[in-house]
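User: I would like to learn how to read the strands and sheets of a model. Please take me through the matter step by step.

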Amino acid sequence: MAARVLAVLCVLGSLHWQVQSSSETQYKKDELRPEIFNPWRHNSRGLVRVKRDWIIPPIRVLENSKQVPEDLVQIKSDKVFTGEVIYKLEGVGVDQDPKNLFEIDDKTGVIRSKAPLDREKYKTFTLKAFALSPSGERLENPTTIEIVVLDQNDNRPTFTQSQFNGDVPEFSIPGTSVMSVSATDADDPLTDNAYLSYAIIRQESEPPNAVTKIMFGINNQTGAIYTRDVGLDREVVKSFKLTLQVADMSGMGLTSEGVAIIHIIDINNHAPQFNPVLYAMSAVENRKDYDIGRVNVTDRDDHGTGNWEAKYSIAEGDPNGNFAISTDPATNEGILTVLQPLDYETEPEYTLILTVGNVRPLSKALSSPVSSATVVVTVLNENEPPRFREDPINIVVPESVVPGTILKSNIAYDPDNSKLRYEISRDPDRWLDIDRETGDIIAKRTFNMRSPHVKNNVYSAVIKVVDAGGVSSTATLAITLRETNDFPPKLSPLSGTVCSQAYGMKAGLVLTAGDEDMAPHAEPFTFELPEDLSINWTIIQINETHAVLQSLVEMETGEYVVTLLVSDSGSPSLSAYAQVNVTVCPCDSFGDCKSEVAAILGSSVGISFIALIILMASIALLLLLLLLAVAVNTCTRSHHIKKGTGLLVGESDDDIRDNVLNYDEQGGGEEDENAFNVDLLCNPNDAPSTPGSFCPMPGVPRGRQPHLRMDAPHNLPSPTYPRRPPADPTDIEDYINDGLEVADNDPNVPPYDTALIYDYEGEGSLAGSLSSIASGSSDGDQDYDYLNDWGPRFKKLANLYDPR
């Protein structure tokens, strides 16, 4: 209905508006305004007349009107009674975008709409009207005019999405919320033009016609979709397609359609089942971490989900955990794997009971027995290599183990019960032997911890064992050697000097001991002087390895032989005797022997005077014996020495050996009138440091002088030497070896193989009689006066040949 408005100026001096419309006319009635009844009011300037205004209500214009141009309202100023008035209009829709929607007649003041209005673009317009004189002078204050565009149902509602997607678990109960849909309408939401109503107009299932009854409903006001019936089974129907409709005017107006897709979510309502339930597989022994077969299951739940994915387990038949089963995610098959090596000889067959379930638990609303299957695994035999019972083979033995001792037995076995053959692959010192049949490891030689192949007391070898099929295995043999007390201590030095003025002082000869053994069989050492061997000396221990030899009385200058006993701390302890050659001499201020005394008495590096005297006496005695032999030969020229007899001794079947009388002269300067026999042990290759005094011989260099044995200890028991000569020449080696062993253990003599010993040389002699030594001379031709110049020891010998 078109609106028409007429404005008339009713009050003098003021601009009044009157607005009429087809829908309503609003006035501020004169009788309701107090200034109509009391048009005068006092103020600071006195009594003045109050200006009366009209309140112009909004002008309502229906959108999409086809009657254009259309008069909307007319304004008029009271200045028209005094002169010409020109009307102007400004605002959005006039001179501002969108322009040219409204205009005003400048002479009559009629405001018109020039084009149909669209409420969805502009809901209201606010304009300003002006009254101007022809010269452009503003005659009145501008008046605001508001134009409201009335809504018309010219917009259809539209869904917010082209397709709505939702899901619902299968077997959901009626009333279960599925999803919500929504739509919008561009019309005025405060009017019925935008009041929407939803509806489902069509239902389709996938696969088609799987379900024919209506399964879903929708709230017509909110658009919430819910289940309205039972029977949602994912194994029957996968999804639904719903065609939706939305209409405005409470469902009676304009309409639009939309689509909602509802997927049925699978729940675990089907337990997996083995198919088949019996399997036969085989596995090769001694292999691990490899697959031996697969088992199959069926499951009607949705593929690729936890409701379908199988979870296998071994329920029975594998107490040692030799097997494992896993799931192939692509096929859902169970993969049976051997984890630990199997042994055909121990267990040739396994019977496994398998069970299966799903990754997700079965629906609580359902219950189904757990499916199981039987797998028979046959173990295949193969030729296995021999196996050592331990690797490395550890043995702990003393280093002095007796050769022939069995160190280790039962070191290996063959899983196939095959006969084994043993051998030693590596034995750098050749200390070991092994029984090829039994594998007994035997000590072949005495071990030595000082070997370069012993590292940290461990000697390593390699043992190899081969079965009847030629398959072999090796193992390391680690022999840990325990230190034993094998060596007695050795004393050094064996010669030295002591100052004759040192009596009563702490000075003496410092001695030290060493031992080839290691702790605890070495130091601390014990130094002792054997009882009754010396009353002139004492030994004082300094520390674990050193001691000092001191005199107890004032000693005369000369050469002394002191016997000491040195013991180690092993268990049992080992001891050794040692003779120390001590030269007592006057010393200078530095503690060294004076040179003039050394020239007379000799020094530690020279030949002692006493040794020289003894050597000369020995030579004289030998000459005397030769002279006696010549004399006997002269007197009995026709007499010949019989076979089996000697020149100097009578017939005897026993072995002839020199008797040794121990000589211990420590008094210094005294002459020993006791007879003694001298065992010549002088070796031309001995160094001056060899124990014992020197035996100087004329014409022999000092460094190659033979030694006269004077340092034998007293009263020590000697072992029994072999007395009978060998009956057969082939026994010579055994005879010499026996004598060598006895001499090495004889404490009264030096080592057997370091002395020049005159020993048994067989019966008879190709040299015949010794009379030829006389060279045809007679006893009377010999002059023995020189024996008187050799000193008192040779005086008796000289008297025997005195012609008087």
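Predicted model: local features only at pLDDT ≥ 70, side-chain atom pairs only at ≥ 80, totals over all residues.

User: In which sense do S11 and strand S18 pair, and over how many bridges?

Analyst: Two strands pair if DSSP finds at least two bridges between them. Strands (E, at least two residues) and helices (H or I, at least four) are DSSP runs, numbered from the N terminus. Here, S11 and strand S18 (residues 255–265) pair in the parallel sense over 7 bridges. Within this pairing, Asn-165 stands opposite Ile-261 in S18.

User: What is the strand order of the open sheet of 4 strands?

Analyst: The order is S11-S18-S17-S14, with mixed pairing. Strand S11 (163–169) and strand S14 (197–206) are the edge strands, each pairing on one side only.

User: Why is one side of S21 and of S24 left without a neighbour in the sheet?

Analyst: These strands belong to an open sheet of 3 strands, ordered S21-S25-S24, with antiparallel pairing. Strand S21 (290–295) and strand S24 (323–327) stand at its edges and have a single partner strand each, so one side of each lacks a neighbour there.

User: How many bridges join S24 and strand S25?

Analyst: S24 and strand S25 (residues 334–338) pair in the antiparallel sense over 5 bridges. The bridge partner of Thr-327 in S25 is Gly-334.

Technical notes:
Residues numbered from 1 in each chain as written. Heavy atoms only, no water.
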